[in-house]
Amino acid sequence: MAASTSQNGIQLLLAAEQEAQHIVNAARTAKQARLKQAKEEAEKEIADFRAQMEADFQRKLAESSGDSGANVKRLELETDAKIQHLKTEASRISPDVVSMLLRQVTTVKN
């Protein structure tokens with residue numbers, strides 16, 4: 001009877017070991033499936049982010065290059081205004097500069 005009890009105990013241990021192995025295998029399979037799913041989700045997010053960044057870049061590129069004619073025109077107007085301002089200032093102070101230069105050239109210092 002002791003042999004049959006130990007035989008039953010061994011059978012129970014073997015059954016428990018097999019059940020544990022099945023649980024471990026199921027958990028391993030579930031883990032691999034979840035890792036694969038996470039990788040796919042991450043790749044999708046990366047693709048979405050990359051597409052968004054590319055769209056933003058293209059939009060900014062279009063804005064800056066699309067307005068290049070307007071920017072050139074604005075810069076030309078600003079440049080012309082500055083040139084006109086410099087000419088006005090030069091003509092305003094020109095007599096004073098000429099007077100100062102003549103005074104410095106004609107003054108003799110010992």
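This is a predicted model: local features need pLDDT of at least 70, side-chain atom pairs count only at pLDDT 80 or more; totals for chains, interfaces and linings use all residues.
I began at Glu78, which is partly exposed with a relative accessible area of 36%. Residues are numbered from 1 along each chain as its sequence is written, and side-chain values use heavy atoms, with hydrogens and water left out.

**Entry 1: overall form**

I looked up the secondary structure and found two helices and zero strands in the protein chain. Both element types are DSSP runs numbered from the N terminus: H or I over at least four residues for helices, E over at least two for strands. The radius of gyration is 44 Å, well over the 13 Å that the globule rule gives for 110 residues, so the protein chain is more spread out than a compact globule. I recorded how this is computed: the radius is taken over C-alpha atoms, and the rule is 2.2 Å times the number of residues to the power 0.38. Along its principal axes, the C-alpha trace spans about 140 × 45 × 10 Å.

**Entry 2: surface and charge**

What share of the 110 residues is buried? I found 0%. The protein chain exposes about 10100 Å², of which carbon and sulfur atoms supply 61%. These areas come from the Shrake-Rupley method with a 1.4 Å probe, and for residues only the protein chains shown count as cover. I then turned to charge and found 16 positive and 16 negative side chains, with the centres of the two sets 8 Å apart. Lys and Arg count as positive, Asp and Glu as negative, while His and the chain ends are not counted. The place of a charge is NZ of Lys, CZ of Arg, CG of Asp or CD of Glu.

**Entry 3: the annotated span**

The unreviewed UniProt entry carries the annotation "coiled-coil region" over residues 25-59. I keep in mind that UniProt positions are given in the numbering used here, that feature names are shortened, and that annotations may be inferred rather than shown by experiment. In the model, residues 25-59 are 100% helix and 0% strand, and their end C-alpha atoms lie 51 Å apart.

**Entry 4: salt bridges**

Side chains of opposite charge can pair when their charged atoms come close. I applied the rule that a salt bridge is a side-chain nitrogen of Lys or Arg within 4 Å of a carboxyl oxygen of Asp or Glu. The count comes to five salt bridges, and I inspected some of them.

Glu41 and Arg34 form one, at 3.9 Å from N to O. Glu41 is partly exposed at 37%, and Arg34 is partly exposed at 43%.

Arg74 and Glu78 form another, at 3.0 Å from N to O. These two residues are four apart in helix α2, and therefore separated by about one helical turn. Arg74 is partly exposed at 41%.

Which residue meets Arg92 in a salt bridge? I found Glu89, at 2.7 Å from N to O. Arg92 and Glu89 are three residues apart in helix α2, about one turn of the helix. Arg92 is exposed at 54%, whereas Glu89 is partly exposed at 28%.

**Entry 5: distances along the chain**

I checked Ile83, found in helix α2 and partly exposed at 41%. Its C-alpha atom is 38 Å from that of Asp56, 27 residues away along the chain.

Met100 also belongs to helix α2, which runs over residues 68-106. At 40% relative accessibility, Met100 counts as partly exposed. I found 53 Å between the C-alpha atoms of Met100 and Lys60, residues 40 apart along the chain.

Finally, I looked up Val108, in the segment after α2. Val108 is exposed, at 71%. The C-alpha atoms of Val108 and Ala30, 78 residues apart along the chain, are separated by 102 Å.

How values were computed:
Buried means under 20% relative accessible area, exposed over 50%, partly exposed in between (1.4 Å probe, protein chains only).
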